[in-house]
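Visitor: I have a structure open and want to learn how to read it. Where do we begin?

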Amino acid sequence: MFPGSEIYGGLANSWDYGPLGVELKNNIKNLWWKNFVHQRDNMVGIDAALIMNPKVWEASGHLKEFSDPLVECKKCHARYRADQMPEKCEECGKKEFTAAKQFNLMLKTFLGPAEDSSTTAYLRGEIAQSMFVNFKNVLDTARIKIPFGIASQGKAFRNEITPGNFIFRTREFNLMEFEYFVKEQEWEQHFEYWRKEMLAWMELIGLDMKKVHENDIAKDELAHYSKKTIDFEFDYPFGKKELYGLAYRTDFDLKNHMEKSGQDLQYTDAETNEKFTPHVIEPTFGLDRSLLAVLLSSYEEEGERVVLKLKPSLAPYKVAVFPLLKNKPELVKKAQEIYQDLKKDFTATWDDRGNIGKRYYSQDEIGTPLAITCDFQTLEDQTVTVRDRDTMKQERVAIENLRTFLNEKINSYN
Ligand code: GAP
């Protein structure tokens, strides 16, 4: 990762993903989608606009008192006008507030050439609202029955007062989230199911589970819409802090949007004809925090060797291909043939610099699980060596079997 806008001195707390970072980030995103959407029967996705009708944010409460000097509760981030500050937070009871500041968490912009209140719009402060406002569209088009989920991934923007700790808290960040719509009387069983599935996901991406903690938010500290919330926390080098959240949001959002939009957002059970407002379980996953926790869980130093023990499904490159020697055209030609062929199916990288040991080490450092070397024996018997990142063992494999071999190796880690 690079500091954002670095050649102009950067922009505080903005970060750009580089060539390897973007691969790791995309791999986490794609694995999440596979795990929570594609591999399930009752989950569908949407990809919504980042700029929504400001009425959405009025209805959700995000715009409340947005142009006044505000203080923010240090615990639950509830905001109050400085001149109407309660003695203690009305949401969580905490008595600590930030200093008064003219701020709103919503990032404002203007649509079109005029800059006035009629053209004011906001970059979305959370992606959840896009799932709620599309609830009816999805219901009418996707032939799904309760319980079901609507998933989405994408950027959210918050004018955070205290960003920092690298990519932990930034003003624009990536979220992966779903709203799971259930019958009210069944919320507890679904909550418990998703709690376990969230833990299984953390194992799937290779998090050090000793560093993961569940924080069952006390009843008097819950957000006003939630009846139960669990924060999954992680031991970052800067302390134990939130990684993911799991909330029972009741029917708060759908009811709110129904009232403010005047639209019917109820669900009708096709068998019983019963009409009701679904209740919602919301598992939410910060993508940037996932990546940070993955890196912190994978980084190891073994003497001189630095190794990133990433799950192969997440590794930026699945395989590296080397000619034993750079100055032997016949080795380079053969290795290039293998490399170009494997690139069709695997994210692969090429290296012909320096000695072979250094090349292995530089792949270890970026988490490449397998490295193929083309040597003189390759020219005679059409086999190559494949070296394993974690065991450092090498074995000879026939070129024609490489695809199967790589697939087996890569999947066997998961
Ligand atoms: N719809 C619920 C929601 O947005 P949240 O706890 O405000 O919940 C969800 O945010 C997740 O987004 C958090 O669990 C965290 O992983 C991530 N997150 C929140 N604020 C962030 C920030 N400023 N920078 C990076 N990630 C953030």
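Visitor: In what order do the three strands of the open sheet lie?

Guide: First, a reminder that this is a predicted model. Strands of a sheet pair through backbone hydrogen bonds, either parallel or antiparallel. Here the order is β4-β9-β8, and the pairing is antiparallel.

Visitor: Which strands stand at the edges?

Guide: β4 (51-52) and β8 (107-110) do. Each has a single partner strand, so one side of each lacks a neighbour in the sheet.

Visitor: How many bridges join β8 and β9?

Guide: Four bridges, in the antiparallel sense, link β8 to β9 (residues 120-123). Look at L107: its bridge partner in β9 is L123.

Visitor: Now the helices. How do I describe a packed pair?

Guide: Two packed helices are described by the angle between their axes and the distance between the axes. Take α1 (residues 19-38) and α5 (residues 187-204): their axes come within 12 Å and cross at roughly 140°. That makes α1 oblique to α5. The crossing is right-handed.

Visitor: Which residues of α1 and α5 meet?

Guide: From α1 come I28, L31, W32, N35 and F36. From α5 come W194, E197, W201 and L204. Seven of the residues in this contact are nonpolar, one is polar and one is charged.

Visitor: One last residue. Is N256 buried or exposed?

Guide: N256 sits in helix α6 (residues 252-261). Its relative accessible area is 15%. Buried means under 20%, so N256 counts as buried.

Visitor: What does N256 touch, leaving aside neighbours within four places in sequence?

Guide: N256 is in contact with A59 and S60.

Methods
Residues numbered from 1 in each chain as written. Predicted model: local features only at pLDDT ≥ 70, side-chain atom pairs only at ≥ 80, totals over all residues. Heavy atoms only, no water. Axes fitted to C-alpha atoms, helices over the stretch in contact; angles between N-to-C directions. Helix = DSSP H or I, 4+ residues; strand = E, 2+ residues; numbered from the N terminus. Parallel < 35°, antiparallel > 145°, perpendicular 65-115°, else oblique. Left-handed = near helix turned anticlockwise from the far one by under 90°. Contact = heavy atoms within 4.5 Å. Nonpolar A, V, L, I, M, F, W, Y, C, P; charged D, E, K, R; others polar. Buried < 20%, exposed > 50% of the residue type's maximum accessible area, 1.4 Å probe, protein only. Pairing = 2+ DSSP bridges.
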